[in-house]
Amino acid sequence: MALKVELKPHERIIIGACVVTNTDQRARLLIDGDRIPILREKDILTPETADTPAKLVYLAVQLMYLSPDPMAHHPTYFSLVRDILTTMPSAWPFIEGINNYTLNGDLYHALKEAKKLIGHEEQILESARKMQSSQGPDRKSA
């Protein structure tokens with residue numbers, strides 16, 4: 001069964017090893033193939049946009065998903081996982097899910113789980129910001 005993708009004007013999509021950029025009008029694509037990696041622009045992270053530990057984990061999984069040799073990226077991924085678990089132990093359920101999908105070769109679902117990890121990290125950072133701002137300016141300078 002073909003995957004139906006509708007692209008906005010100038011939207012990019014990765015199909016296999018190719019980046020496809022839409023023209024100035026909406027376009028609908030039917031993509032038929034077996035186990036071809038496909039990523040829409042909104043799901044693509046670059047090294048420049050991977051600015052948090054969870055985003056770096058996502059980037060490593062993304063590289064595995066797009067690579068013909070996913071195992072080449074395992075050392076980087078597992079190093080990042082060690083670092084994130086040291087600083088954020090509450091990430092374990094997400095990391096466990098990513099690991100299970102990765103080891104089963106289901107890197108698309110590993111990416112989805114990595115997105116949940118990014119959401120979890122954002123919640124923790126937001127809570128920390130709120131706690132810091134509620135302490136007031138007197139506590140910050142102490």
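1. Two strands are taken as paired if DSSP finds at least two bridges between them. Strands are DSSP runs of E with at least two residues, helices are runs of H or I with at least four, and both are numbered from the N terminus. On this basis, I14 has L39 of strand 5 as its bridge partner.

2. The model is predicted: local features need pLDDT of at least 70, side-chain atom pairs count only at pLDDT 80 or more, and totals for chains, interfaces and linings use all residues. Residues are numbered from 1 along each chain as its sequence is written, and side-chain values use heavy atoms, with hydrogens and water left out.

3. Strand 2 has two pairings to report. With strand 3 (residues 18-21), strand 2 (residues 12-15) pairs in the antiparallel sense over four bridges; R12, for instance, has T21 as its bridge partner in strand 3. These two strands form a hairpin with two residues between them, and G16 in the turn has a positive phi of about 65 degrees. Strand 2 is also joined to strand 5 (residues 38-40) by three bridges, and the two run antiparallel.

4. Two residues that are not glycines deserve a backbone check. H10 has a positive phi of about 65 degrees and is placed in the loop between strand 1 (3-7) and strand 2. R35 has a positive phi of about 55 degrees and is found in the loop between strand 4 (27-31) and strand 5. With a 1.4 Å probe and protein chains only, a residue is buried under 20% relative accessible area, exposed over 50% and partly exposed in between. H10 therefore counts as exposed, at 51%, and R35 is exposed at 70%.

5. A27 counts as partly exposed because its relative accessibility is 23%. A27 and E6 are 21 residues apart in sequence, and their C-alpha atoms are 5.7 Å apart. Contact means heavy atoms within 4.5 Å; not counting residues up to four places away in sequence, A27 touches V5, E6, L7 and N22.

6. Helix 1 (53-66) has 14 residues and reaches 20 Å from its first C-alpha to its last, close to the 20 Å expected at 1.5 Å a residue, where the expected span is 1.5 Å times one less than the number of residues. Its buried residues include A54, Y58 and Y65. The buried residues of helix 1 pack against strand 5, helix 2 (74-87), helix 3 (92-103) and helix 4.

7. I118 lies in helix 4 and is buried because its relative accessible area is 11%. Leaving aside neighbours within four places in sequence, I118 is in contact with L45, A54, K55 and Y58.

8. A pocket is an open set of points on a 1 Å grid over the protein atoms alone, where a 1.4 Å probe fits, with protein on both sides within 12 Å along at least five of seven lines; lining residues have an atom within 4 Å of a point. About 660 Å³ of space lies in the largest pocket, a volume being the space filled by probe spheres set on the points, which are joined across faces, edges and corners. Of the 25 lining residues, I36, P37, I38, Y65 and Y108 are the closest to the centre. Helix 4 gives the largest share of the lining, five residues.
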